Amino acid sequence: MKTLLDIIAIPKDDPIAFTFFTGYMAMLAASVFFFVERSSVEGKWKLSMLVSGLITGIAAVHYYYMRDYYLSTGENPTALRYIDWTLTVPLMCVEFYLLTKAAGATKSLLWKLIFASVWMLVTGYIGEAFTDGSTGHSVLWGLLSTLGYLYVLYTAWLGEVAQLAAKSGDATVVKGIRTLAWFVLVGWAIYPIGYMCMPGGWLNTFLGWQSSNVDLFYNIADAINKIGFGLVVYSIAVSSKK
Ligand SMILES: *C/C=C(C)/C=C/C=C(C)/C=C/C1=C(C)CCCC1(C)C
């Protein structure tokens, strides 16, 4: 007898295919939520809510195609993955900018964050897509990528974003930015773990972790970070006093 899982084409014994499918549904549902709730928040938060919905919406479309790609080839959809991130991570930088704009965030802060995140992703893409399977290649590009990551991390915890949040005088914004900074510290750190499962990566070389796990880590991290980021923005929007 055909089960539901056969009909929707998720191989039962393939947890990675399963996370592509649930990731897709979760991103889609989150987008509907953010777009609909946009109408119930105060005017100054509407743009932030729109950006939250765009982040999960762009991811939903990519998950639709990545799931297909994975099911038909059994391979990591690296190009689609990085196209998704190159659109959505800069939008997460826009969220930091919008939340601290009232306290004086400048366009230059926004561009620095975007530059650092694009640097992180372009170097990460070179590390993954052009791998020769060697540890040297993987580690070199992984470390270069980490520089961009550390810049965003620093800015969120101690640099301009943290300082502007403190200056805003709004406890909800201070707390919200701190929560987002935790996402960058813990949630974003899941990605390098996935990256190191690639052939040549440290976890692959020294612990024998399979390269198929790359997508497992990326899919879990995406759900936590993209939906989580949006929910934090939403909670700031509904609880901020001013
Ligand atoms: C929605 C997508 C997000 C938040 C993606 C974030 C991706 C990263 C933080 C990736 C970081 C990487 C490193 C720090 C080193 C190895 C290469 C990467 C690109 C996986």
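This is a predicted model: local features need pLDDT of at least 70, side-chain atom pairs count only at pLDDT 80 or more; totals for chains, interfaces and linings use all residues.

Residues are numbered from 1 along each chain as its sequence is written, and side-chain values use heavy atoms, with hydrogens and water left out.

**Exercise 1.** Find which residues have the most contacts inside the largest nonpolar core.

*Solution.* Start with the rule: a nonpolar core is a set of buried Ala, Val, Leu, Ile, Met, Phe, Trp, Tyr and Cys residues joined through side-chain atoms within 4.5 Å. Buried means under 20% relative accessible area, exposed over 50%, and partly exposed in between (1.4 Å probe, protein chains only). The largest such core has 68 residues, and F96, V184, W188 and F229 have the most contacts inside it. Helix α4 (residues 78-101) gives the most to this core, with 11 residues; helices here are DSSP runs of H or I with at least four residues, numbered from the N terminus. Now zoom in on V184: skipping neighbours within four places in sequence, V184 is in contact (heavy atoms within 4.5 Å) with F96, Y149, V152, L153, A189 and F229.

**Exercise 2.** Count the disulfides, then check C93 and C197 for burial.

*Solution.* Look for pairs of cysteine sulfur atoms within 2.5 Å. The count comes to 0 disulfides. Next, C93 counts as buried because its relative accessibility is 1%. C197 is buried too, at 0%.

**Exercise 3.** Work out what lines the largest pocket.

*Solution.* On a 1 Å grid over the protein atoms alone, a pocket is an open set of points where a 1.4 Å probe fits, with protein on both sides within 12 Å along at least five of seven lines; lining residues have an atom within 4 Å of a point. The largest pocket holds about 510 Å³ of space. It has 27 lining residues, and S145, T146, Y191, P192 and Y195 are the closest to its centre. α6 (135-157) gives the most to the lining, with 7 residues. By type, the lining splits into 16 nonpolar, 8 polar and 3 charged residues.

**Exercise 4.** Are T78 and T56 buried or exposed?

*Solution.* T78 sits in helix α4 and counts as buried, since its relative accessibility is 17%. T56, in helix α3 (residues 46-73), is buried at 0%.

How values were computed: Helices (H or I, at least four residues) and strands (E, at least two) are DSSP runs, numbered from the N terminus. Grid points are joined across faces, edges and corners, and a volume is the space filled by probe spheres set on the points. Ala, Val, Leu, Ile, Met, Phe, Trp, Tyr, Cys and Pro count as nonpolar, Asp, Glu, Lys and Arg as charged, and the others, Gly among them, as polar.
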